[in-house]
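Thanks, everyone. Please bring up the model on your screens, and I'll talk you through a few spots.

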Amino acid sequence: MTDYRSKSWWLESLPETIEPNPQLTVEDSADVVIIGGGYTGLSTGYHLKQLNPGLDVRLIESDVCGYGASGRNGGFSMTLFGLTKGITKFRFDDQKARTAHTYMENAVDYLHDLITRNRIDCDYERSGYLLVGTSPPQVKRVEHDFKIMEKWGLSGVQRWSRERLAEEFNTDFYKLGWFEPRCGILNPAKLARGMKALTEDAGVKIYERSPVTDFTRGPSSRFTIRTEKGSLQAEYLVFATNAYSIAFPQLKSMQMPTFTHIVMTDPLSTSQLDAIGWQCRAGVEDARDLIHYYRLTRDNRIVMGGGDVSFGYGADLNRDLNDRTFAHLENHVIEVFPQLKGIAFTHRWGGPVSVTLDMAPAIGYLGKDKKAIFSLGCTGHGVSMTTLNGRTIAELICGRQTSRTEMFFVGRNIFPWPPELISYGTAHAIRGFMKLEDRLYYK
Ligand SMILES: Cc1cc2nc3c(=O)[nH]c(=O)nc-3n(C[C@H](O)[C@H](O)[C@H](O)COP(=O)(O)OP(=O)(O)OC[C@H]3O[C@@H](n4cnc5c(N)ncnc54)[C@H](O)[C@@H]3O)c2cc1C
């Protein structure tokens, strides 16, 4: 097992050392088994116990809860569904894209409430999300998104002119801003560990360091889920394995793990902070194809991510580190804030996000009786969504009909990625096109 601390600064700097829960070493049975201890799995377990405290719910995590994307991400709680509003409108339709946006607004509000209500200590700041246009073509893109919001009659966004932006930031980079005050930033690993504690307190039994090796379904229609040292039988099975779903043959072609990378500076001194501004402390993204996303931590380090992505071939999930992308991101910090020239970068990491062929998230079923449920494809926008998806999955299992279970992406058709070699080529071709567009147009 890799040391979880090496996977991100968030995991490394947790106030406590994680003592993993006991492994699954017995043969037992339960009502529901959840595979994966990120936000999706933890939230599903928590909400199942809220809806039906009598259910026997078990969660099996291959490493420690928060080891995957949930312990490594940028910590933006945001409203973007899939990759962009334009792609969602094109793939589905205008009405569905609107409902998706509303689901995401609810997701951000719900995560805020969950953290507040349960006093989850995760450095949560409701400082908003700022999408910036940094070149005329990017400004056009942001304008386009404003038009979509106007057409939908939604009002959760403010327009920040160049002058308004200059009140907040000392940079020439920003030309137009889309500011969404309901959004926030948080410490993702603290959220994952806080969610683990909440889920256990609710009565879910969690096994760690227990990779699930396979599952079968017997004549009684119950699932048997096996790890190296034990097994569980269950009536319902939830795959909360996101990008790692590639390891299960039944889910392999539904999504492709795509790696995004992050660098982090030393804490900024007061004079460095004064020099760059960033009064609002909002999480910032630009409007390129291969976006940059950046934010401040509680102790005023800059976390800068994105810029490019990497792919593994086949089931290769060892693509966390990419020196070229790290160098690009470090340069970009100085491009945006030349005042910080010479600042030290202390941490670099990466992790896998899950991308479907049509770039949209999905909650789906294996089998007609809908007793095996999976959730995947949240791309780099899953912090809020996976938390609400957990509630949605719990409602599906408990037979509740809600606005969430009726969403169009629940049980939707997923176009499979083609066989490995073609997928790898296709993913590189899409990335190549995006890079070219960024270089020629959106830079
Ligand atoms: C670098 C990075 C930056 C990101 N930034 C943002 C952001 O700022 N905002 C945002 O909204 N989203 C962001 N995301 C995306 C977001 O982190 C994910 O969408 C979200 O965390 C997915 O949660 P999850 O629970 O579905 O999956 P994960 O957190 O990946 O959890 C899956 C879990 O399954 C476990 N597992 C895998 N295989 C097995 C097995 N065989 N048996 C048992 N357990 C198994 C893994 O160990 C893992 O813990 C980012 C992602 C990355 C990688």
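Start at Thr258. Skip its neighbours within four places in sequence, and Thr258 is in contact with Val309, Phe311, Pro352, Val353 and Val355. One thing to keep in mind throughout: this is a predicted model. Thr258 sits in strand β12. Is Thr258 buried or exposed? Buried, because 20 other C-beta atoms lie within 10 Å, and the cut-off for buried is 20 or more. One distance for your notes. Thr258 and Arg319 are 61 residues apart along the chain, and their C-alpha atoms are separated by 8.7 Å.

Next, another strand residue, Asp31. Asp31 belongs to strand β1, residues 27–35. Which residues does Asp31 touch, not counting those up to four places away in sequence? Leu55, Asp56 and Val57, then Ala234, Glu235 and Tyr236. Asp31 has 15 other C-beta atoms within 10 Å, so Asp31 is partly exposed.

Now the ligand. How many residues surround the ligand? The count is 43, and the closest are Gly36, Gly38, Gly68, Gly74 and Gly382. Where do they come from? The elements giving two or more residues to the shell are α2, β12 at 256–265, β16 at 345–355 and α10 at 383–397. Strand β16 gives the largest share, four residues. Sort the shell by class, and you get 19 nonpolar, 21 polar and three charged residues. Strand β12 is one of those elements, and Thr258 lies in β12.

On to helix packing. Two packed helices are described by the angle between their axes and the distance between the axes.

Pair one is α2 with α10. Their axes come within 7 Å and cross at roughly 40 degrees. The two helices are therefore oblique to each other. The crossing of α2 past α10 is right-handed. Who meets whom? On the α2 side, the list is Tyr39, Thr40, Leu42, Ser43, Thr44, Tyr46, His47, Leu48 and Leu51. On the α10 side, it is Val383, Thr386, Thr387, Asn389, Gly390, Arg391, Ile393, Ala394, Glu395 and Ile397. By class, this contact has nine nonpolar, eight polar and two charged residues. Both α2 and α10 are also among the elements giving two or more residues to the ligand shell.

Helix α2, residues 39–51, and helix α7, residues 188–201, have axes that come within 9 Å and cross at roughly 25 degrees. That angle makes α2 roughly parallel to α7. Here α2 passes α7 in a left-handed crossing. From α2, the residues are Tyr39, Leu42, Ser43, Gly45 and Tyr46. They meet Ala192, Met195, Lys196, Leu198 and Thr199 in α7. The residues of this contact divide into six nonpolar, three polar and one charged. Tyr39 is in the α2 list against α7, and Tyr39 is in the α2 list against α10.

Helix α4, residues 94–117, packs with α10 at an angle of about 80 degrees, with the axes 8 Å apart. So α4 and α10 are roughly perpendicular to each other. In α4, look for Met104, Asn106, Ala107, Val108, Tyr110, Leu111 and Leu114. They meet Ser384, Met385, Thr387 and Leu388 in α10.

Asn242 is not a glycine, yet its phi is positive, about 45 degrees. Where is Asn242 found? In the loop between β11, residues 231–239, and β12. Asn242 counts as buried, because it has 27 C-beta neighbours inside 10 Å.

The other is Asn300. Its phi is near 65 degrees, again a positive value in a residue other than glycine. Asn300 lies in the loop between β14, 292–296, and β15, 302–311. With 16 other C-beta atoms within 10 Å, Asn300 is partly exposed.

That's my tour.

Key. Residues numbered from 1 in each chain as written. Predicted model: local features only at pLDDT ≥ 70, side-chain atom pairs only at ≥ 80, totals over all residues. Axes fitted to C-alpha atoms, helices over the stretch in contact; angles between N-to-C directions. Parallel < 35°, antiparallel > 145°, perpendicular 65-115°, else oblique. Left-handed = near helix turned anticlockwise from the far one by under 90°. Contact = placed C-beta atoms within 7 Å. Nonpolar A, V, L, I, M, F, W, Y, C, P; charged D, E, K, R; others polar. Near = placed C-beta within 6 Å. Buried ≥ 20, exposed ≤ 12 C-beta atoms within 10 Å, placed from the backbone.
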